[in-house]
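Subject: Structure for your review

Dear colleague,

Please find the structure below, together with its sequence. A summary of the findings follows it.

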Amino acid sequence: MENIAKNIEKDLDEVRSLEDLERVRITYLGRKSFLSENLRLLGKMTPEERKEQGPKLQAIKEHITRTLDEKKYALEQTSFDWKKDALDISLPGKKSPIGHFHPITQTIREIEDIFISMGFDIADGPEIENEFYNFDALNFPKNHPARDMQDAYWLSEKNEKGEKLLPRTHTSSVQVRYMQENTPPFRIIIPGKIFRHEPTDASHEHTFHQFEALVVGDDVNVAHFKYIAQEFFSSFFDTAIEIRLRPSFFPFTEPSFEFDISCAVCEGKGCSVCKRTGWIEVGGAGMVNQEVFVLAGYKENFYRGFAWGFGVERLAMMKYKIDDIRLFHSGDLRFIRQF
Ligand code: FA5
């Protein structure tokens, strides 16, 4: 058996091609090879003989395999066929498709950039929220019809504290979470995905995005709110935008407003997007209700602040002239590739 190791060296010296090498492999490792016959005999040996012969045969097998591999590698290095294997650098290249951000992600990033330039921080919170932060902490009375303003998908499981859970119905759920961790003055926006149990149409989705703003300090008033909103919209649409506030109701703001902007598509003249009114409702807003400050752990009547919640899809639709909100989640690449 020890001669095998010597003989293979001699045979390999004469190998010039991968075909020659295959012949040598069959001679030394093939089914009819001397080694294979001896390995088969192992089964007939006594346990003592097997204990002695087994490792020896195994070592020889490993030696042959390694020697053949080394020879194969050496042959491959020297047998490069320039005609067949060379790269033709004059051929046109193959283009790898490169992805890009979804139009909603792009819009959120644009919104964030504008607010960062005005000294705002970006905050966020969980998409699956407990009842406290989505409703109670925002002064929604228990069993009050105000809770129906935003129909929720309640989860069947509760959390470890036994609290009811829901996919948040608005980004306002992050307000008290943030206030519990931070002391005014601060100005933040909270962009995020929200969920509502409601039928869809060209301007309503069940899953969409809002961005909340929350500005709290000693002397924050409605004029600050109007100014910042006007600056934001004019910058976002890159044209002078007018804003209009209408009285409304939210349990977490007092006073509360419905917030309209002049239609950026027709510049307020009236078109199909603004239903010929020249105005588009983009969100709700108001001065933070003192009850909310108290629920967040602040002293009553100590701070003043404003908050708003605007729909991201509605703004993207106006900016990019999209007439159906359902296109965003359609997964239709013909739509997505236009951004
Ligand atoms: C709210 O969600 C309040 N949390 C807003 C708020 C925040 C008020 C802070 C006061 C202070 P509302 O349900 O109206 O309010 O939603 C706000 C905006 O989200 C709407 O004006 C609209 O732009 C967008 N929106 C609401 N429902 C849908 C929907 N189904 N599909 C797409 N956008 C929607």
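Which element provides the largest share of the shell around the ligand? Strand 8 does, with five residues. Please note that this is a predicted model.

The ligand site

The shell around the ligand comprises 26 residues, of which His170, Ser172, Arg196, Glu198 and Val282 come nearest. By class, eight of the shell residues are nonpolar, 12 are polar and six are charged.

From the side chains, a polar atom of His170 lies 2.9 Å from a ligand nitrogen, and a polar atom of Glu198 lies 2.7 Å from a ligand nitrogen. Glu205 contributes through its backbone, where a polar atom is 3.0 Å from a nitrogen atom of the ligand. The ligand taken alone exposes 680 Å², and the protein buries 94% of that area. Two or more residues of the shell come from each of strand 5 (207–217), strand 8 (279–288) and strand 9 (304–311).

The helix pair

Two packed helices are described by the angle between their axes and the distance between the axes. For helix 3 (residues 34–41) and helix 4 (residues 47–78), the axes come within 11 Å and cross at roughly 150 degrees. With angles over 145 degrees counting as roughly antiparallel, helix 3 and helix 4 are therefore roughly antiparallel to each other. The crossing in which helix 3 passes helix 4 is left-handed.

With kind regards

Terms used: Residues are numbered from 1 along each chain as its sequence is written. This is a predicted model: local features need pLDDT of at least 70, side-chain atom pairs count only at pLDDT 80 or more; totals for chains, interfaces and linings use all residues. Side-chain values use heavy atoms; hydrogens and water are left out. A residue is near a molecule or strand if one of its heavy atoms lies within 4 Å of it. A polar contact is a pair of N or O atoms within 3.5 Å; within protein, one must be able to donate a hydrogen and the other to accept it, and residues adjacent in sequence count only if both atoms are side-chain atoms. Accessible areas come from the Shrake-Rupley method with a 1.4 Å probe; for residues, only the protein chains shown count as cover. Helices (H or I, at least four residues) and strands (E, at least two) are DSSP runs, numbered from the N terminus. Ala, Val, Leu, Ile, Met, Phe, Trp, Tyr, Cys and Pro count as nonpolar, Asp, Glu, Lys and Arg as charged, and the others, Gly among them, as polar. Axes are lines fitted to C-alpha atoms, for helices over the stretch in contact, and angles run from 0 to 180 degrees between N-to-C directions. Angles under 35 degrees count as roughly parallel, over 145 as roughly antiparallel, 65 to 115 as roughly perpendicular and the rest as oblique. A crossing is left-handed if the near helix is turned anticlockwise from the far one by less than a right angle, and right-handed if clockwise.
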